[in-house]
Amino acid sequence: MNAAVLHAFNESPRFEQFSEPIAEENEVIVHVRAAALKPVDKQMANGSHYAAFRELPVVCGTDGVGCLDDGTRVFFGGARRPYGAMAERTVLRRVQCFSISEELDDVTAAAIPNPGVSAWLSLKHSAKLAAGETVLILGATGVTGKLAVQIAKILGAGRVVAAGRNEQVLSTLHELGADSTIRLDKPDEELIAAFRREAGEKHFDVIIDYLWGRPTEALLKAITGKEFAIGKSETRLVEVGESAGSTITLPAAVLRSTALTILGTGGIPSWDILTDAFQRVMNSVARGTLRIETERVPLAEIEDAWERDAHAHRLVVIP
C-alpha cells in the first residue's frame, strides 16, 4: 500500500510502498480517507515529542478518518506501530474508533478533533471556565487558538480577548467571537500596557497559553499587583504550548501579589470525559457554531506538504 514512511528523524517522510497491516485480536483495519497533518505529527517525527517514535521506519500520522470493513465511517487515533494514519490502510483497536455524523465531510472530520478536543478540555476541564468569565487566548491566530476563541464563547465566556502574532489572521477573529484583540509584536512596554488595558478592573479569569516565552513574561508583568489587595479572585493560566519559547522567568512577586494558578495539560482524562468532549466538538461543527479552515493535500505530495508552514489552517492528507 502507499504510505508516508519516515526513515530518519529530522527528515520528511517519503511517499512509498509499505507492508499491509494485518489485524490481530480486538483490532480492526481502517481504510483511510483523510488524515490531518498537525504539529504533533512533526514533533513525533523529529524526536522532540515525549512520545516520539523509538524505531524506524514507521508510517506517520496520529489520527484520521476512514471506513471499517463493514462500511462504518469513523474517526480513529493511535494506530499500532509501525502503522500510522497517513496511508491507504492502518490498524488499531476497535475502541479507538469513534463513529462520526454523515453531515461532516471527511476533511473537516479529520481536521478538527485533535485541536478542537484539546481546546475544549483546556477550557472546560483544566481551566474550569464558568459562564460570564473573561478569557485570554495567548496564541489565538493558530489553528487551535482560533478554535479556542470559538469554544470559549460556546462554553459561555462573557468576554474573550484574542492575542496573536499574525496580524492578518488577528483581524478576522472578531468574526469568530473575539471581543478584543492584542497584537503581540509590540515592544515590551506597549505589550504590557495592552494586557493591562484589556484586563481592566475585572482581570482575566482564564488564560489559555499556546505560546509561553516572551509573550507570557509580558503578561505576567502586566498582572503583577502593585499593592496589597483583599478578596481578589483567582486567575487560572493553562499552559498548553511553547511556540514562542520553552522557558520563562517567573518572578516571585507574580505569585505573591496575584491570585494566580498555573496549570498544565499533561495526562489523559478519563475515557468518558474524552468521549464527551469529542462528541460536543463534533456536534458544534455539525451545527455550524465551530469552524476550521482546511486544505486538501494528496498523499503523493507528502514531502512538499511536510515542509510547508500552514499556520492558520490545517493541511489534510488524502490517500
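A salt bridge is a side-chain nitrogen of Lys or Arg within 4 Å of a carboxyl oxygen of Asp or Glu. The structure holds 16 such salt bridges. It is a predicted model, in which local features need pLDDT of at least 70 and side-chain atom pairs count only at pLDDT 80 or more, while totals for chains, interfaces and linings use all residues. Residues are numbered from 1 along each chain as its sequence is written, and side-chain values use heavy atoms, with hydrogens and water left out.

| Asp 106 | Arg 33 | 2.8 Å |

The salt bridge between Asp 106 and Arg 33 links distant parts of the chain: Asp 106 lies in helix H2 (residues 106-111) and Arg 33 in strand S3 (residues 27-37), 73 residues apart. Helices (H or I, at least four residues) and strands (E, at least two) are DSSP runs, numbered from the N terminus. Asp 106 is buried, at 16% relative accessible area, whereas Arg 33 is partly exposed, at 37%. Here buried means under 20% relative accessible area, exposed over 50%, and partly exposed in between (1.4 Å probe, protein chains only).

Glu 167 is partly exposed, with a relative accessibility of 48%, and Arg 183 is partly exposed at 35%. Elsewhere, salt bridges that share partners connect Arg 33, Arg 73, Glu 102 and Asp 106 in one network.
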